[in-house]
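Work through the exercises below with the sequence and the model side by side. Each task is followed by a solution in steps.

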Amino acid sequence: MIGILLTAVTALALVVGVVTVLSTGALRTGVRLLLDLLTAAGLLRLAGDPGWNGLAGAVAIIALRQLLGAALSAPPPWSGRQSPPPCGGDDHHLPLALRRGTGKMGG
């Protein structure tokens, strides 16, 4: 009985991960859902086989989830903008400055 449930949860994890990525385009969310459901499958495996092999499998899945979760939550090492704006990158994107002597906003 536990084996069937374990197979169903593992298959559900794969389906949910793929459907999430394909429907929303959010790779991080899809991977996190996949890892959460695989963690549930590992805990079910531990409930069905309370030996050392079941414990080692559950620990491996939880460690993988923690490592990948930390890697996915870290910001990317590059900046958001890789190239200058297409208009040439001059200063017209900066906020308007005060005109000298008039005290009015200039443009």
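The expected span of a helix is 1.5 Å times one less than its number of residues. Helices (H or I, at least four residues) and strands (E, at least two) are DSSP runs, numbered from the N terminus. This is a predicted model, in which local features need pLDDT of at least 70 and side-chain atom pairs count only at pLDDT 80 or more, while totals for chains, interfaces and linings use all residues. Residues are numbered from 1 along each chain as its sequence is written, and side-chain values use heavy atoms, with hydrogens and water left out.

**Exercise 1. Elements and confidence**

Task: list the secondary structure of the protein chain and state how confident the predictor is in it.

Solution. 
- Step 1. The protein chain has 3 helices and 0 strands, and from the N terminus on its elements run α-α-α.
- Step 2. pLDDT is the predictor's confidence in each residue, from 0 to 100. Its average over the protein chain is 75, and 69% of the residues score at least 70.

**Exercise 2. Helix spans**

Task: compare the reach of α2 with the span expected at 1.5 Å a residue, then do likewise for α1.

Solution. 
- Step 1. α2 has 22 residues, and from its first C-alpha to its last it reaches 31 Å, close to the expected 32 Å.
- Step 2. α1 (residues 2-24) has 23 residues and reaches 32 Å between its first and last C-alpha, close to the expected 33 Å.
- Step 3. Look just past the end of α1: G25 takes a positive phi of about 75 degrees there.

**Exercise 3. Buried residues and their cover**

Task: find the buried residues of α1 and α2, and say what packs on them.

Solution. 
- Step 1. Set the classes: buried means under 20% relative accessible area, exposed over 50%, and partly exposed in between (1.4 Å probe, protein chains only). By this rule, 14% of the 107 residues of the protein chain count as buried.
- Step 2. In α1 the buried residues are L6, V9, A13, G17 and T20. They pack against α2 (27-48).
- Step 3. In α2 the buried residues are G30, L35, T39, A41 and G42, and their cover includes α1 and α3.
- Step 4. Take T20 of α1 as a case. T20 counts as buried because its relative accessible area is 13%. Contact means heavy atoms within 4.5 Å; leaving aside neighbours within four places in sequence, T20 is in contact with G25, A26, T29, G30 and L33.
- Step 5. Take T39 of α2 next. T39 is also at 13% relative accessibility, so it counts as buried. Beyond its neighbours within four places in sequence, T39 touches I61, I62 and R65.

**Exercise 4. The surface**

Solution. 
- Step 1. Accessible areas come from the Shrake-Rupley method with a 1.4 Å probe; for residues, only the protein chains shown count as cover. The protein chain exposes about 8,100 Å², of which carbon and sulfur atoms supply 69%.
- Step 2. Patches are made of residues with over 30% relative accessible area and no salt bridge; like charges are joined within 9 Å, and nonpolar side chains (Val, Leu, Ile, Met, Phe, Trp, Tyr) within 5 Å.
- Step 3. W52, L55 and V59 make a nonpolar patch of about 360 Å². L55 lies in helix α3 and is partly exposed, with a relative accessible area of 33%.

Terms used
Salt bridge = Lys/Arg side-chain N within 4 Å of Asp/Glu carboxyl O.
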